[in-house]
Amino acid sequence: MREDNKNNGQPKDSELVLNAQKGSRQAFGELVKRYERKIYALTYRIMRNREDAADTLQETFMQAYNKIGTFEGKSGFSTWLYRIAVNTCLMKKRKKKLDTVSIDRPLRMDDGEDINREPVDWSNNPMAAIDNKEVKKKLDEAIAEMPEEFRTVVLLRDVDRLSSREVADILNITVPNMKSRLHRGRLFLRRKLSEYFRSRGEL
Amino acid sequence: MMDLEKFYLRLSEYIDRKFEEEMEDVFADFGDFFGRDIFDEMEDFFNADIFEEMEDMVRKDSCCSTLFNTLRKTIDLCHEIDEMEVPEDVHENLFRILDIEIED
């Protein structure tokens with residue numbers, strides 16, 4: 001995410017970080033305000049419930065506050081913050097055993113799709129308009145159903161639009177590995193949306 | 001998984017891998033002159049370009065065309081997914097715990 005220098009008339013992230021490192025609560029508060037919506041959306045979509053999302057949001061910013069002195073600026077502040085948020089979510093999920101999918105499990109996405117069914121192009125269907133709330137709701141549900149190893153990558157790359165390398169850095173994986181998960185995640189979502197349009201008889 | 005999806009995955013993973021290797025070589029040669037960010041931006045730009053080239057190549061086949069059209073639409077929809085508001089109580093609690101004055 002390269003928004004650091006694009007805040008019209010507002011202090012850059014790096015300036016706020018520097019002030020926060022010097023002890024300015026106001027500067028840290030500004031960073032919180034700048035990122036709380038994005039981090040909350042991410043944690044909500046990973047944790048899949050309001051309470052855990054709120055807890056994780058708090059833990060993320062608490063950790064960021066406590067560790068801000070060690071932030072060296074090698075990556076952007078947002079990348080650093082996302083890394084804390086993702087790690088906090090994954091730790092919490094492991095603790096609660098909400099998700100039994102092992103991160104080491106080979107990536108598979110067979111889910112019994114009828115391979116004989118002709119793929120149908122719904123991309124120009126008026127129902128697929130980007131301002132259609134129902135489709136967006138369906139997409140959100142599909143994201144929630146995605147296996148963990150795809151979901152985080154898709155959220156960071158396609159929803160929050162971070163660069164491939166930023167996502168790989170946040171997840172501590174290689175770029176090719178990240179892209180491999182991304183392609184599979186996108187295919188998963190595409191298939192879920194295809195099922196949705198098919199079920200509505202829109203095809 | 002459909003054969004067409006397998007084909008897409010194999011092809012895109014091959015291109016990504018090759019591209020990454022080549023990009024690392026370019027970075028090794030020119031990384032002292034340009035920041036990593038520039039390379040990341042270029043990589044994303046070229047990747048998008050490659051995606052479009054793949055799309056053009058396979059467009060004549062109706063099944064492939066369908067896959068690409070719907071995949072592209074899926075990505076577009078992800079880009080436009082609704083932002084989420086932080087619930088007021090969560091926001092207030094966060095600022096209270098961090099002991100930061102709320103100045104909305």
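Buried area is the accessible area (1.4 Å probe) that two parts lose on being put together, summed over both. In this predicted model, the area buried between chain B and chain A is about 5500 Å². Carbon and sulfur atoms give 61% of that area. Contact (heavy atoms within 4.5 Å) joins 51 residues of chain B to 58 residues of chain A.

Local features need pLDDT of at least 70, and side-chain atom pairs count only at pLDDT 80 or more, while totals for chains, interfaces and linings use all residues. Residues are numbered from 1 along each chain as its sequence is written, chains are lettered from A, and side-chain values use heavy atoms, with hydrogens and water left out.

Five salt bridges cross the interface of chain B and chain A. A salt bridge is a side-chain nitrogen of Lys or Arg within 4 Å of a carboxyl oxygen of Asp or Glu. A:Arg37 and B:Glu85 form a salt bridge through their side chains, at 3.2 Å from N to O.

A:Tyr35, A:Phe71, A:Phe77 and A:Trp80 form one aromatic cluster.

How values were computed. Rings of Phe, Tyr and Trp (its six-membered ring) pair if their centres lie within 6.5 Å; planes under 30 degrees apart count as stacked, over 60 as edge-to-face and the rest as tilted.
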